[in-house]
Amino acid sequence: MDMAFIIETIVKIVVILLVFSALAGLGTYFERKVLAFMQRRLGPMHVGPFGLLQVAADGIKLFTKEDIIPQNVVKPIFKIAPVITAATAFMAAAAIPFWPQFTVFGYTVHPIVADVNIGILYVLGMMAIGLYGPLLGGMASANKFSLISAARSAAVFISYEVVSGLSLLAPLMMVGSLSLIDINNYQAGGIGNWIVWSQPVAFILFWIAAFAETGRTPFHLIANDHEIIDGFGTEYSGMRWGLFFIGEYANMFFISFVIAIIFLGGFGDGSIAGAFQLLLKVSFFFFFFLWTRAAWPDVRPDQLMWLCWKVLMPIAVINVVITGFVMMF
Amino acid sequence: MHSEPLNDRNVSEQSAYYYVDIEEYPTTGWDKFKQVVKRTFRGELFVGLWVVMREMIKFDIHTVQYPKEKLPIGPRYRAVHKLLRLWESGYERCIGCGLCEKICISDCIRMDTKIDENSRKEVTEYSINLGRCIFCGYCAEVCPELAIVHGQRYENGSEQRAHFVIKDDMLTPLDFLTSGQQAEYPGFGSITPNESVTKTPLAY
Amino acid sequence: MFEAVAFYLFATLTIIMFTITVMTSQALYALTAMAAGMIFISAFFFILGADFLGAIQIIVYTGAVMALYAFGMMFFDTTRTLVEKRSNPRLVVVLGGLAAVLVVLIVLAPIVTTNINAHYPIDPSVGNSQAIGMVLFTKYLVPFELAAVMLLVAMIAGIVLAGKKMDKSLTLMADEEIALMHASSTQNTEEGAH
């Protein structure tokens, strides 16, 4: 373990943290703009040109707001819950290759913090821990809406982990590796080699599960404004609430990366063009998160559970079985 | 399409109201399965996606950026009151008759008058408590001289509650009058555009 | 050196977390500390190079088992501290101490006799998950399949137990029907008691 490796890793961690915190802020701006345009509005316009500095204004507001801890909450748990959400979101980023490797001043940089050979498993595990943010925040809040939200988040996360895991199993069987770089290299041959063509069902299932795990609109039950106020975030204020927000948006970006890398070829052969293609794919998936929020209604909790256990999970299992038979014979 | 028949709330041939044709919910497992399959593959979700995408591409924005652009308000809109001046002489139109004070149903108009050195009645104080005014428009309607009217100013942001409502604030400033910016109330009983309201002569 | 630092750090953290789990009277502290402890345990797998097991430890214990505990905790007010009834504290101390000593003895025994070596050392040529797969599906195939069948049985039993009155919907039934249903169920239990 030499010094250069440690310094490189720390630099990479800092870069990822800064870039994705900023992107999370910009994500809110894009979300407001896209939703506004789809609803014939203009969105934020007053702060800076085209409202671009709205992000900065929101950041200043969140940081300088009073941090209210209500009287009846379980204080330590209440305080660390938002940190869990943000931290697990960024920890999941450790195993995601954001860019093909490139050379700067004769030094080869791998834009992945930890190239573990179980990358995707690690990412799924970290997203599973992300459950504890809403869960503990909701249970510690001493608020019935927060408690309902916590119960829903536990149910949704546990259920949809099953779907995301089982749907990923089939492509992983084809690739034969859990490393995201191996999965990417498996599809390096071009569009024809993308896993989405051989595993369309798994692709759609994982995409649906991604909506549930990030809590985006068709499955936005965890903090459904018109039923349970802000769910687990009801009692939060200031930057603690902001951390929940950063975690949610960072999660959206990371899961977009994961979908693009596993099913849509990732950065392909590692050229610059491939890298920009990856960014394009990620932007599409991020845009789709916003798009559905404008277009689709929310489902009921019981419908969500029905969809998971009676529709998606059987399809995922059948998909795995068929893939197994095809690979055997 | 149907605007008239909407008043008729009974479901009939003439009215625009009709019973929505909702299918019976399936009871057997096989029917439920068929319904799920039909709904899944009918692609209704994509219709929704297309609708919002179409609006985004058309970019037909309906937002009014309020402080920068304002929608025109109706000519009879009843916003904060104004006291007008005579076009020729620039005197106040108000003759201090007190009818507005009398008719005001929320009792928010107060005025003080005195007889000035020309033996004319002069209004010294005139105030409207906007916190109580219900903007019914009776004062403007009852005024025999078209002196008090409702203006078009609806933005009542100010540092003090008393702003807009004391006489100096409501009365048209003289330079406004000379530059021809005093707007006439265009409603019933208003003066015709080229006719000026003249001072009531004392000689009667 | 890094391994040593990491080991002692995570060992301390794990012990602290599980101590909190046992000692606290606040259910939410116990839950959080136990979940954190499970994550810290996975760190040992990562230090030993068993990445696959580490990730599985996180997913299964923290992601699923602890989340199910949390689900169970929804039924009581977690913001209050729990007042435990200790009828015989001396017995608790004796039994707890005995259990602790036993565990220490069991863990220490192979170390003292220096009889500790890996049956299946990590093979750098194959990946972590492949190595586990090979062991699981060759030597430990029968226990593995037995465990799978046991889980399947448990799952079916769970579905049967939970799904007893699933065809009835309380929101769709009239009040009289609900009362009738309750009456018949209590009657059944009474008959069973007789």
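Trainee: Which domains does the domain assignment of chain B give?

Mentor: Domain bounds come from an automatic or database domain assignment. For chain B it gives domain 1 (5-58) and domain 2 (81-178), and the C-alpha centres of the two domains lie 58 Å apart. Before we go on, this is a predicted model, where local features need pLDDT of at least 70, side-chain atom pairs count only at pLDDT 80 or more, and totals for chains, interfaces and linings use all residues. Residues are numbered from 1 along each chain as its sequence is written, chains are lettered from A and ligands numbered from 1 in the order in which they are written, and side-chain values use heavy atoms, with hydrogens and water left out.

Trainee: What is the mean pLDDT of chain A, and where is confidence lowest in chain C?

Mentor: pLDDT is the predictor's confidence in each residue, from 0 to 100. Where it is low, the predicted coordinates should not be read in detail. Chain A has a mean of 85, with 99% of its residues at 70 or more. Chain C averages 81, and 89% of its residues score at least 70. Within chain C, helix α7 (residues 175-193) has the lowest mean, 68, while helix α6 (residues 141-162) has the highest, 90. Helices (H or I, at least four residues) and strands (E, at least two) are DSSP runs, numbered from the N terminus. The model as a whole scores ipTM 0.81 and pTM 0.79.

Trainee: Which chains share the most contacts?

Mentor: Contact means heavy atoms within 4.5 Å. There are 2 pairs of chains in contact, and chains A and C share the most contacts. Chain B and chain C do not touch; their nearest C-alpha atoms are 12 Å apart.

Trainee: At what angle do α12(A) and α2(B) cross?

Mentor: Axes are lines fitted to C-alpha atoms, for helices over the stretch in contact, and angles run from 0 to 180 degrees between N-to-C directions. Under 35 degrees counts as roughly parallel, over 145 as roughly antiparallel, 65 to 115 as roughly perpendicular and the rest as oblique. Helix α12 (residues 272-295) of chain A and helix α2 (residues 44-58) of chain B cross at roughly 100°, their axes coming within 9 Å, so they are roughly perpendicular to each other. The residues of this contact divide into 9 nonpolar, 2 polar and no charged. Here Ala, Val, Leu, Ile, Met, Phe, Trp, Tyr, Cys and Pro count as nonpolar, Asp, Glu, Lys and Arg as charged, and the others, Gly among them, as polar. On the α12(A) side they include A:Phe287 and A:Trp291, and on the α2(B) side B:Leu49 and B:Met53.

Trainee: How many residues of helix α5 of chain A are buried?

Mentor: Buried means under 20% relative accessible area, exposed over 50%, partly exposed in between (1.4 Å probe, protein chains only). In helix α5 (residues 132-140) of chain A, 9 of its 9 residues are buried. The elements covering them include α6 (144-175) of chain A and α3 (51-73) of chain C. Just after this helix, A:Ala142 takes a positive phi of about 55°.
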